[in-house]
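Okay, thanks for making time, everyone. Let me put the thing on the screen and then talk you through it.

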Amino acid sequence: MLDSFRSSSKLVKTFNEHTDVVYNVDYSTFDDGQFICSGSRDKTVRVCNIKGNKQMQSFNGHSSSVNCVKFSQYHYYNNRQNVICSSSFDKTISFWDFKHNKQLQIFNGHTDGVCGIEFSSFNGGRYLCSGSWDNTIRLWDIETSKALHVFNRHKNWVWCIDISPLQSNKSNSNTINNIGVVGGNGYTICSGSLDNTIRIWDIETIKQLNVFEGHKCEVNSVKYGSNELINIILSGSGDKSVRLWDIRSGGQIQAFSGHENGVLCAEYSPFVIKNSIGNSNVICSGSLDNTIRFWDIRSNKNELYVMKVDEGIYCFKFIELKKKVNDNEQISNGDCCINLCYGSRNGLIRVYG
């Protein structure tokens, strides 16, 4: 799959509505539509229809940079609402109904700018986690609009967070169970900070479980793996490195070097190489050095592929398009293809596929 992407991928679309750095992008499908949402230093939240190749809505309710955006599956499955959640340096978290062009909720509680946000994998995404410049992580109940927990062991700004994937023994992600305080028994939160550490937290007990030290600069991105990689944390840092960490052993597994500037985003990719079966063994990282790089998690040797672009990479998202984007574009691999969407320092959002 990676070889196919490397050999045949081309620029499919460019969205240029933002006027400043695009800090974050997300992708989802609602009512058979395919959408990208984005947050920017221009203080706006925007949502585009991929098929229509146009912006649908723009929200300018934040008074400072919008640092992170996520589509809310909880609102869609419970209330049939098409909702985007956004976090900002204005200290707030907001929810926007992009179908009806209105603001639904505002979460206040952080005492400084809010950076990364992530919905829970359990209970149908009812809970939201947020990291802030106030050095804390907060867990919110979307249904009641209340802050449930505060995690406060970091010694500097919390840039990024993630919540562990849905466990296999949870048969239905949209069913509320009665285990523990919020139904998140056995789930953890991962956070990366300007204090150069990565920390793992138990959601139910609010206890800190692990502290990973090794990065020499701020940690800009943290991600859990899935399935058999659920205990492996992927991180990207301002020290130009990408690293893998094992929650069970509490140690570093691999360190990948090659970027010539800070790494702002890192993800597990959907690509598999060398006839591997099961999980992807390819990770991906984006940097201010104007490259997106692909790495084999089993080896810390040179990159598998370096994708060179014209602008610094602040964020990216893999997208699986299952239908033709328009009548002139063909979809490979049967009825779907993998696309890579990224946001850059010059305000552009580009889609390669």
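So, a word on areas before anything else: accessible areas here come from the Shrake-Rupley method with a 1.4 Å probe, and for residues only the protein chains shown count as cover. With that, the accessible surface of the chain comes to about 14700 Å², and 42% of it belongs to carbon and sulfur atoms.

Ground rules, quickly. This is a predicted model, where local features need pLDDT of at least 70 and side-chain atom pairs count only at pLDDT 80 or more, while totals for chains, interfaces and linings use all residues. Residues are numbered from 1 along each chain as its sequence is written, and side-chain values use heavy atoms, with hydrogens and water left out.

Of the 353 residues, 60% are buried, meaning under 20% relative accessible area, with exposed being over 50% and partly exposed in between (1.4 Å probe, protein chains only).

Now the inside. How many residues does the largest nonpolar core have? It has 19, where a core is a set of buried Ala, Val, Leu, Ile, Met, Phe, Trp, Tyr and Cys residues joined through side-chain atoms within 4.5 Å. Among those with the most contacts inside it are Phe 271, Ile 292 and Leu 340. Helix 1 (2-8) supplies at least two residues of this core, and so does each of strands 23 to 27. Leu 340 touches, among others, Phe 5, Met 307 and Tyr 352, leaving aside residues up to four places away in sequence; touching is a contact, heavy atoms within 4.5 Å.

On to charges. A search of the whole structure finds 15 salt bridges, each a side-chain nitrogen of Lys or Arg within 4 Å of a carboxyl oxygen of Asp or Glu. Take Arg 293: its side chain meets Asp 289 at 3.5 Å, N to O, and Glu 303 at 2.4 Å. Arg 293 lies in strand 24 and Glu 303 in the loop between strand 24 and strand 25, so that pair ties together parts 10 residues apart in sequence. Arg 293 is buried, at 7% relative accessibility, whereas Glu 303 is partly exposed at 22%.

Elsewhere, Asp 20 pairs with Arg 41, closest N and O atoms 3.1 Å apart. Both sit in loops, so this bridge connects parts 21 residues apart in sequence. And finally, Arg 126, Asp 141 and Glu 143 are linked in a salt-bridge network.

How values were computed:
Helices (H or I, at least four residues) and strands (E, at least two) are DSSP runs, numbered from the N terminus.
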